[in-house]
Amino acid sequence: MDSIRAMTWNVWWRFGGNWREREPGLLRVVRDVAPDILGIQECWGTGDGTQADVVAEAFSASAAFVEMDLPPAAEEGEGAVMGLGLVSRWPITEVGSVPLPSDDRRNNALVASIDSPFGELRVVVGAVSWEPERVAETAQQVAALQRLTREGRGERAAPSILLADLNYDPTQPALAALQMPDAWDAADPHADPRTLSETNRFAPSECEDQWNRRIDHVRYFPGTAGARATHAEVIRDEPDGLPPSDHYPVVADIAVGEGPSAPADAPRAAWLP
């Protein structure tokens with residue numbers, strides 16, 4: 001093994017009134033893609049477990065969950081909370097919930113360490129504000145996610161990976177300060193990049209700033225061993241004709257031991273309490 005398969009997916013929580021019908025398709029897509037790490041936005045959680053646990057149990061993997069309020073949970077969730085999830089085929093050794101800049105609502109990032117075959121693997125899962133009137137807040141949240149992903153990379157051989165719903169694409173001002181390599185650079189240049197797309201019947205067309213754009217991202221910083229994205233694609237599978245979510249997921253392969261590397265003397269910052 002010389003690469004990491006990373007996948008990010010906003011799975012639409014329990015919205016739509018059909019989450020039970022959609023979940024088997026979600027599991028089928030994950031099984032077919034076979035990611036090493038999966039970041040889940042709009043992941044549900046209850047007192048009995050989380051959606052990340054359901055996925056991890058299906059594939060004998062490890063799971064983590066962090067609660068947040070973006071977007072707010074709804075009554076149709078039957079008491080479930082909103083959160084971020086992480087599923088990993090390798091052991092998750094540490095998990096932190098780190099607040100992001102947010103006005104009047106709780107938005108946290110999930111920051112994890114994973115014991116991978118390449119050494120300690122930093123993975124950050126996040127989601128940011130989407131409303132046009134909060135675009136300055138979104139830019140601050142994106143910058144915070146970038147810092148969390150970057151910190152300490154000079155002490156790790158493995159790359160540091162961000163799996164996030166950033167609600168904008170690279171052409172929009174909210175992502176102007178984002179300097180992390182984009183795994184999508186390794187995609188087929190003719191590939192359809194849209195993750196919130198009119199081809200998905202559940203996608204909300206009223207989200208004008210997000211409509212028909214690639215708003216879900218796999219970004220990374222190389223570690224000291226070097227890293228380079230070698231493949232990326234949007235997965236548009238709709239098992240039995242039912243989209244598992246209103247978003248399509250992004251999957252990317254990141255080769256370790258190739259490409260640029262982090263400076264060995266990059267400073268390390270504390271992120272766990």
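Hi everyone. A quick word on names before we start: helices and strands here are DSSP runs, numbered from the N terminus. And please keep in mind that what we're looking at is a predicted model.

Let's begin with the sheet. Five strands make it up, it is open, and the order across it is β6-β7-β8-β9-β10, with mixed pairing. So which strands stand at the edges? They are β6, residues 92-99, and β10; each has a single partner strand, so one side of each is left without a neighbour in the sheet. Going from one strand to the next, the twist averages 20°.

Now look at the β6 end. Strand β7, residues 108-116, pairs with β6 in the antiparallel sense, over 7 bridges.

Where does it lie? You'll find R214 in the loop between β9, residues 160-165, and β10, residues 216-221. And is R214 buried or exposed? R214 has a relative accessible area of 9%, and because buried means under 20%, it counts as buried.

Who surrounds it? Beyond its neighbours within four places in sequence, R214 is in contact with Y168, D169, P170, D182, W184, P193, R194 and T195. With D182 there is also a polar contact, 2.9 Å, joining the two side chains.

How values were computed
Residues numbered from 1 in each chain as written. Predicted model: local features only at pLDDT ≥ 70, side-chain atom pairs only at ≥ 80, totals over all residues. Heavy atoms only, no water. Helix = DSSP H or I, 4+ residues; strand = E, 2+ residues; numbered from the N terminus. Buried < 20%, exposed > 50% of the residue type's maximum accessible area, 1.4 Å probe, protein only. Polar contact = N/O pair within 3.5 Å; in protein donor to acceptor, adjacent residues only side chain to side chain. Contact = heavy atoms within 4.5 Å. Pairing = 2+ DSSP bridges. Axes fitted to C-alpha atoms, helices over the stretch in contact; angles between N-to-C directions.
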